[in-house]
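Subject: Structure handover

Hello,

The structure you asked to take over is below. My notes on it follow.

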Amino acid sequence: MSELTYSKSGHYLIPDISILETPTLGKYGMMRKSFLREHRPTTYTNLLLKETLFPHCLEIEQAANDRLELTMTELVKKDPPPDKAGDPMGWVGHMNNLKAQAEEVIFQELIYS
């Protein structure tokens, strides 16, 4: 273990420490964490005490994003949206509907299981 170093600031010595950058949880990881806390308190507590709650939620976040991207690609191939330049509002509405369909599957299989 290395010794702690200090920097002088006026009459004070301030330790030279830094915070490690950790990835943050996105929408799906936070939803999983909330679901576990509210509906599966025993599992939530076990993961929290074993210090595996954050890695679990991060894994769910990554899996959900990957699944969303894959599902959106498949849905766009199956049901192509209208021309974006010709009908921008129709395109946005269509893409929002496809995303809602994809998220419904993600919620059922990953978040709320």
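The crossing of α1 and α4 is right-handed, a label for a near helix turned clockwise from the far one by less than a right angle, with left-handed for anticlockwise. Helices (H or I, at least four residues) are DSSP runs numbered from the N terminus.

This is a predicted model, in which local features need pLDDT of at least 70 and side-chain atom pairs count only at pLDDT 80 or more, while totals for chains, interfaces and linings use all residues. Residues are numbered from 1 along each chain as its sequence is written, and side-chain values use heavy atoms, without hydrogens and water.

Helix α1 covers residues 27–39 and helix α4 residues 88–111; they pack at about 45 degrees with axes 11 Å apart. Axes are lines fitted to C-alpha atoms, for helices over the stretch in contact, and angles run from 0 to 180 degrees between N-to-C directions. That angle makes α1 oblique to α4 (under 35 degrees is roughly parallel, over 145 roughly antiparallel, 65 to 115 roughly perpendicular, and the rest oblique).

On the α1 side the contact (heavy atoms within 4.5 Å) is made by K27, Y28, M31, R32 and F35, and on the α4 side by E103, I106, F107, L110 and I111. By class, this contact has seven nonpolar, no polar and three charged residues. Here Ala, Val, Leu, Ile, Met, Phe, Trp, Tyr, Cys and Pro count as nonpolar, Asp, Glu, Lys and Arg as charged, and the others, Gly among them, as polar.

The buried residues of α4 pack against α1 and α3 (53–78). Among them are H94, M95, L98 and A102. Buried means under 20% relative accessible area, exposed over 50%, and partly exposed in between (1.4 Å probe, protein chains only).

Three aromatic pairs turn up in a search of the whole structure. Rings of Phe, Tyr and Trp (its six-membered ring) pair if their centres lie within 6.5 Å; planes under 30 degrees apart are stacked, over 60 edge-to-face, and the rest tilted. Y28 and F107 form a tilted pair, 6.3 Å centre to centre with 55 degrees between the planes. Y28 lies in α1 and F107 in α4, so the pair ties together parts 79 residues apart in sequence. Both Y28 and F107 are buried. F107 also forms a tilted pair with Y112, at 5.9 Å and 50 degrees. Y112 is partly exposed, with a relative accessible area of 41%. Y28, F35, F107 and Y112 form one aromatic cluster.

Regards

How values were computed: Helix = DSSP H or I, 4+ residues; strand = E, 2+ residues; numbered from the N terminus.
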